[in-house]
Amino acid sequence: MFTKNKKIITGIIKELTDISINERHLELTELYRKINEELNEIIFSSGMDIVYDDINDISQILKLYNVKPNDEKTSLAERILFYMELCEKYQKKKLFVFLNLHSYFTRHELELLFKNIQYSRHNVFIIERYDYKALPQEIKRIIDIDLCEI
């Protein structure tokens with residue numbers, strides 16, 4: 001769902017990089033030294049004249065390992081909530097717009113989803129094609145073809 005969202009992945013890598021620099025600096029320095037030492041040994045054993053860029057930044061390693069959010073949550077509702085959290089944190093999204101959300105969930109699932117959305121304080125705008133009975137968490141407005149509120 002969101003493993004291809006570059007802004008989210010970049011935000012995650014930046015956050016992990018900051019954490020590693022602040023909390024794991026000595027360990028990372030040793031790791032970089034060992035990686036470069038091993039690479040030198042491999043190149044020397046090959047007998048070829050090869051140069052490379054030293055690894056001295058954890059973000060390079062995180063990108064190499066293809067760090068991304070785990071979007072294999074158990075339900076669609078969990079994936080939506082997780083995506084909303086990531087978008088709000090890394091993309092500064094303030095409003096989420098959904099189309100035909102009632103078509104994908106049962107009434108009970110929607111109630112749980114809306115409770116979680118309220119708890120997380122996300123702003124949501126839902127557009128539905130059909131008239132559904134509003135849930136307690138919803139403020140329902142019906143707009144006709146002339147864009148008039150009924």
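**Entry 1: phenylalanine 96**

I looked up phenylalanine 96 and found it in strand S1. S1 covers residues 96–99 of this predicted model. Helices (H or I, at least four residues) and strands (E, at least two) are DSSP runs, numbered from the N terminus.

Is phenylalanine 96 buried or exposed? Phenylalanine 96 is buried, with a relative accessible area of 7%. Buried means under 20% relative accessible area, exposed over 50%, and partly exposed in between, with a 1.4 Å probe and protein chains only.

Next I listed its contacts, leaving aside neighbours within four places in sequence. Phenylalanine 96 touches Met84, Cys87, Glu88, His122, Asn123, Val124 and Phe125. Contact means heavy atoms within 4.5 Å. Phenylalanine 125 is 29 residues away in sequence, but 6.2 Å away in space, C-alpha to C-alpha.

**Entry 2: H4 and H5**

I turned to helix H4 (residues 76–91) and helix H5 (residues 107–120). Their axes come within 10 Å and cross at roughly 20°. H4 is therefore roughly parallel to H5. Angles under 35 degrees count as roughly parallel, over 145 as roughly antiparallel, 65 to 115 as roughly perpendicular and the rest as oblique. Axes are lines fitted to C-alpha atoms, for helices over the stretch in contact; angles run from 0 to 180 degrees between N-to-C directions.

On the H4 side I noted Ala77, Leu81, Met84 and Glu88. They meet Leu113, Asn116, Ile117 and Ser120 of H5. This contact has 5 nonpolar, 2 polar and 1 charged residues. Ala, Val, Leu, Ile, Met, Phe, Trp, Tyr, Cys and Pro count as nonpolar, Asp, Glu, Lys and Arg as charged, and the others, Gly among them, as polar.

**Entry 3: H1 and its partners**

How do H1 and H4 pack? Helix H1 (residues 6–23) packs on H4 at about 70°, with the axes 9 Å apart. H1 and H4 are therefore roughly perpendicular. Among the residues that meet are Ile12 of H1 and Tyr83 of H4.

H1 also packs on helix H2 (residues 25–46), at about 100° with axes 5 Å apart. Ser20, Ile21 and Glu23 of H1 meet His25, Glu27 and Leu28 of H2.

**Entry 4: confidence**

I checked pLDDT, the predictor's confidence in each residue, from 0 to 100. The protein averages 88, and 97% of the residues score at least 70.

Residues are numbered from 1 along each chain as its sequence is written, and side-chain values use heavy atoms, without hydrogens and water. Local features need pLDDT of at least 70, side-chain atom pairs count only at pLDDT 80 or more, and totals for chains, interfaces and linings use all residues.
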